[in-house]
Amino acid sequence: MPDQEGNVERLVMPQMIMKSASGLRSSYLSVLEIGGAFGHQFRTLIEFLGITTLIITDLDSVHFAEAAPSEIDDDEDEEEDTPEAAGAEEIDDDNAVRRKKKTCTPETPEAVTSNQMLIQWLPGRDKIDELLALTPQDKELQPNGNGLGAVRVTYPCTVELNWNGNTINRAGRTLEAAFSFENLEWTQQYDNRDLKLRIRRPADIEDLALRVHNKIHKDSFKKTDFALALLTKDPEVWTVPKYIAEGLQWLERTLGVADNNQGDDQQGNGAG
């Protein structure tokens, strides 16, 4: 039961399953799209029913920054009604400064996640550096005494970026960033400009990675348009993000439907 967060995952997941865990095609999967602010609320139901569950979600890195006066909402009662309001602001009593959580790269010092699924359920952490350091086993809940109810969460992890003969390690904040990082040279080709991930004249690979992150998190970036453009491409020429491949392969093994004839070259992002 993949628990997905948005339209992009829903649209491209069939191709990702085909590429990285084709044995799942023989299974009946229920797919729920649940925002990160609400997914943990399904915990009791999933545990009660003993449903084997894969949670695919974003890293959602943020950091606290001093809020400008124009960013401070005086109507605190109204703000508390928003989905991710809890913890969205804090006040430093010593300095009487209000700080707001702002989107940032996962590499930002002292970054935390705003994803309530990761904070309140699995793996129950909020610091980005801790989330990135966890092992696959740290992201799992074992099945109950009847062998049911195994749960696995997967989110973007640190990967090696390659571009023009240079490499750095980065983690994507969202699926779109993770996809771009693991397909960096391909997404920067002129013929793939319709993905809207291409950066013009980056200074170096670090500048490229930062500008990709910034571009994806602008309001003008349309995630559904990215997914639809990706569906027009030959699926054989792009790579499934490692964290998604690992999660799907975990689900495939857990359900006992792994395709033993599936070659290592068919998404060599094996589960850790």
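Which residues form one aromatic cluster? Select Phe179, Trp186, Phe226 and Trp238, and you have the cluster on screen. Before going on, note that this is a predicted model, where local features need pLDDT of at least 70, side-chain atom pairs count only at pLDDT 80 or more, and totals for chains, interfaces and linings use all residues. Residues are numbered from 1 along each chain as its sequence is written, and side-chain values use heavy atoms, leaving out hydrogens and water.

Searching the whole structure turns up three aromatic pairs (ring centres of Phe, Tyr or Trp, for Trp its six-membered ring, within 6.5 Å). Zoom in on Phe179 and Phe226: their ring centres are 5.6 Å apart and their planes stand at 70 degrees, so this pair is edge-to-face (over 60 degrees). Phe179 sits in helix α6 (residues 175–182) and Phe226 in helix α9 (residues 223–231), so the pair ties together parts 47 residues apart in sequence. Helices here are DSSP runs of H or I, at least four residues, numbered from the N terminus. Phe179 has 0% relative accessibility and counts as buried (under 20% relative accessible area, with a 1.4 Å probe and protein chains only). Phe226 is buried too, at 1%.

Now click Lys19, which lies over the face of Trp238, 5.1 Å from the ring centre (the rule: NZ of Lys or CZ of Arg within 6 Å of the centre and within 35 degrees of the ring normal).

How values were computed:
Phe/Tyr/Trp six-rings, centres within 6.5 Å; stacked < 30°, edge-to-face > 60°. Helix = DSSP H or I, 4+ residues; strand = E, 2+ residues; numbered from the N terminus. Buried < 20%, exposed > 50% of the residue type's maximum accessible area, 1.4 Å probe, protein only.
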